[in-house]
Amino acid sequence: MDIDIFKPEQWHDFFVMVGGGAAALAGLVFVAMSINLNIIARDATHKNRAIATLTGFSAVFMVCAFALIGNQSYQWLGAEWLVVSLVPTITYIRVYIKARKLGKSAVGLSIVRFIEGTSCYVAQIIGSAFLISGHIAGLYVASVAMVLSFAFFISGAWLLIIGVYENQVKQRD
């Protein structure tokens, strides 16, 4: 096992870019949600998608922030990533089930999308476990999964906007 598998200087720019992007997009989603709060609060699909999207962006930001902490081992980074990834995984599953049961809007609530989103989180969890156990491949698996989940959150934010727009059109008619 390679004792120095995590070389922070090689990953610094990655974590700064992804973490900064997550923070910026979380802020934009938050503003968009506050502008459309009445519609989002009345529809379980929109409300739960908003929760999942913000939780996801926040988790990406937190992982990146933890990765930038100096003088920590790869085991600590893996453990932090594991714990942080569990929260949005559980949240995503819970809010999807709620949205399916209670939601009025079906925009983007397919089982395929649910499996894709859950797979991104599971891959981060698996990558984190590999990293904790000393396998550098875990860092790459978790990082790729995080970037893919990042794209997934952006599409979730877009689906939220589309769903809100559809509700606004229905209210006008």
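Helices (H or I, at least four residues) and strands (E, at least two) are DSSP runs, numbered from the N terminus. The model is predicted, so local features need pLDDT of at least 70 and side-chain atom pairs count only at pLDDT 80 or more, while totals for chains, interfaces and linings use all residues. Residues are numbered from 1 along each chain as its sequence is written, and side-chain values use heavy atoms, with hydrogens and water left out.

Figure 1. The secondary structure comes to six helices and zero strands. The C-alpha atoms fill a box of roughly 65 × 25 × 20 Å along the principal axes. The radius of gyration, taken over C-alpha atoms, is compared with a globule rule of 2.2 Å times the number of residues to the power 0.38. For 173 residues a compact globule would come near 16 Å, and the 17 Å of the chain agrees with this. Contact means heavy atoms within 4.5 Å. Of the contacts between residues at least 6 apart in sequence, 80% join residues at least 24 apart.

**Figure 2. The surface of the chain has an accessible area of about 9,200 Å².** Carbon and sulfur atoms account for 70% of this surface. Areas come from the Shrake-Rupley method with a 1.4 Å probe, and for residues only the protein chains shown count as cover. Buried means under 20% relative accessible area, exposed over 50%, and partly exposed in between (1.4 Å probe, protein chains only). Buried residues make up 45% of the 173 residues.

**Figure 3. Helix α5 covers residues 111-132.** The expected span of a helix is 1.5 Å times one less than its number of residues. The buried residues of α5 include Arg113, Phe114, Tyr121, Gln124, Ile125 and Leu131. Their cover includes α3 (44-67), α4 (74-102) and α6 (137-172). Gly134, which follows α5, has a positive phi near 95°.

**Figure 4. Phe6 sits in the segment before α1 (8-35).** Phe6 counts as buried because its relative accessibility is 5%. Leaving aside residues up to four places away in sequence, Phe6 touches Trp11, Phe15, Ala67, Gln72, Tyr74, Leu77 and Leu139. Gly27 is 21 residues from Phe6 along the chain, and their C-alpha atoms are separated by 30 Å.

**Figure 5. Asn71 lies in the loop between α3 and α4.** Its phi is near 55°, a positive value in a residue other than glycine. Most residues other than glycine have a negative phi. Asn71 counts as exposed because its relative accessibility is 87%.

**Figure 6. Glu80 and Leu102 both belong to helix α4.** Glu80 is buried, with a relative accessibility of 15%, whereas Leu102 is exposed, with a relative accessible area of 58%. Not counting residues up to four places away in sequence, Glu80 touches Phe66 and Gln72. From Glu80 to Tyr96 there are 16 residues in sequence and 25 Å in space, C-alpha to C-alpha. Leu102 and Val18 are 84 residues apart along the chain, with their C-alpha atoms separated by 33 Å.
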